[in-house]
Amino acid sequence: MSNEEIVRDAIARSAAVVGLAGVALIHVLDAHDTFVATPYKGWLYVGLIAGSLAAAGALVRRSDTRAWAAAGALSLAAFLAFVYSRTVGLPASADDIGNWTEPLGLASLVVEGAVAAVALERLTALAPRALRLAPEGVR
């Protein structure tokens, strides 16, 4: 990798780590009320928090396509779950339908969207390199 690519990757990893920590924090802040209202959503939050922190930890160490894929998938899934909960509603949780202005929810959308976008960019940039490094029989 060239120096420019190394710097670009370091900046992207830093942004993703901060973003994933933000995703985790937002859901920690909302977890208590969510567990009280809809326990299964609370457990989904726990999975999202743990997954976000694990992906962030992996990205702190190095730029890995699996970590980028996890970061992007987790963020995109949370983004889509928010949109779904505000449009058609989640099972046993129709009270959020139409509630688009909740501050933590809006912050979540911004952070998750940013992490998903950065992950997509990094996966796109790393894909040709990963193919070049793959053993001959794997391609």
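Trainee: There is a kink in H1; on which residue is it centred?

Mentor: The kink in H1 is about 50°, where the bend at a residue is the angle between axes fitted to the seven residues ending there and the seven starting there. This is a predicted model, in which local features need pLDDT of at least 70, side-chain atom pairs count only at pLDDT 80 or more, and totals for chains, interfaces and linings use all residues.

Trainee: How far does H1 reach from its first C-alpha to its last?

Mentor: H1 has 35 residues, and the expected span of a helix is 1.5 Å times one less than its number of residues.

Trainee: How many helices and how many strands does the protein chain have?

Mentor: Helices (H or I, at least four residues) and strands (E, at least two) are DSSP runs, numbered from the N terminus. Read from the N terminus on, the elements run α-α-α-α. The count is therefore four helices and zero strands.

Trainee: What percentage of the residues of the protein chain count as buried?

Mentor: Buried means under 20% relative accessible area, exposed over 50% and partly exposed in between, with a 1.4 Å probe and protein chains only. The protein chain has 139 residues, and its C-alpha atoms fill a box of roughly 50 × 30 × 20 Å along the principal axes. The share of residues that count as buried is 35%.

Trainee: How is H1 oriented relative to H2: roughly parallel or roughly antiparallel?

Mentor: Two packed helices are described by the angle between their axes and the distance between the axes. Axes are lines fitted to C-alpha atoms, for helices over the stretch in contact, and angles run from 0 to 180 degrees between N-to-C directions; under 35 degrees counts as roughly parallel, over 145 as roughly antiparallel, 65 to 115 as roughly perpendicular and the rest as oblique. The axes of H1 and H2 come within 8 Å and cross at roughly 165°. This makes H1, relative to H2, roughly antiparallel.

Trainee: Which residues of H3 make the contact with H1?

Mentor: The axes of H1 and H3 (residues 65–87) come within 12 Å and cross at roughly 40°, which means that H1 is oblique to H3. Contact means heavy atoms within 4.5 Å. On the H1 side, the contact is made by Asp 9, Ala 12, Arg 13, Ala 16 and Leu 20. On the H3 side, the residues are Trp 68, Ala 71 and Ser 75.

Trainee: Against which helices do the buried residues of H2 pack?

Mentor: Among the buried residues of H2 are Tyr 45, Leu 48, Ile 49, Ser 52 and Leu 59. Ser 52 is an example: its relative accessibility is 1%, so it counts as buried. Beyond four places in sequence, Ser 52 touches Leu 20, Val 23, Ala 24 and Leu 74. The buried residues of H2 pack against H1 and H3.

Trainee: Is Thr 38 buried or exposed?

Mentor: Thr 38 lies in the loop between H1 (3–37) and H2 (39–61). Leaving out residues up to four places away in sequence, Thr 38 touches Pro 91, Ala 92 and Ser 93. Because its relative accessibility is 6%, Thr 38 counts as buried.

Trainee: What is the phi of Ala 92?

Mentor: Ala 92 is in the loop between H3 and H4 (103–133), and at 74% relative accessibility this residue counts as exposed. Most residues other than glycine have a negative phi. Ala 92 is not a glycine, yet its phi is positive, at about 60°.

Trainee: How far apart in space are Tyr 84 and Ile 97, C-alpha to C-alpha?

Mentor: Tyr 84 lies in H3 and, at 45% relative accessibility, counts as partly exposed. Apart from neighbours within four places in sequence, Tyr 84 is in contact with Gly 89 and Leu 90. Tyr 84 and Ile 97 are 13 residues apart in sequence, and their C-alpha separation is 8.6 Å.

Definitions and conventions. Residues numbered from 1 in each chain as written. Heavy atoms only, no water.
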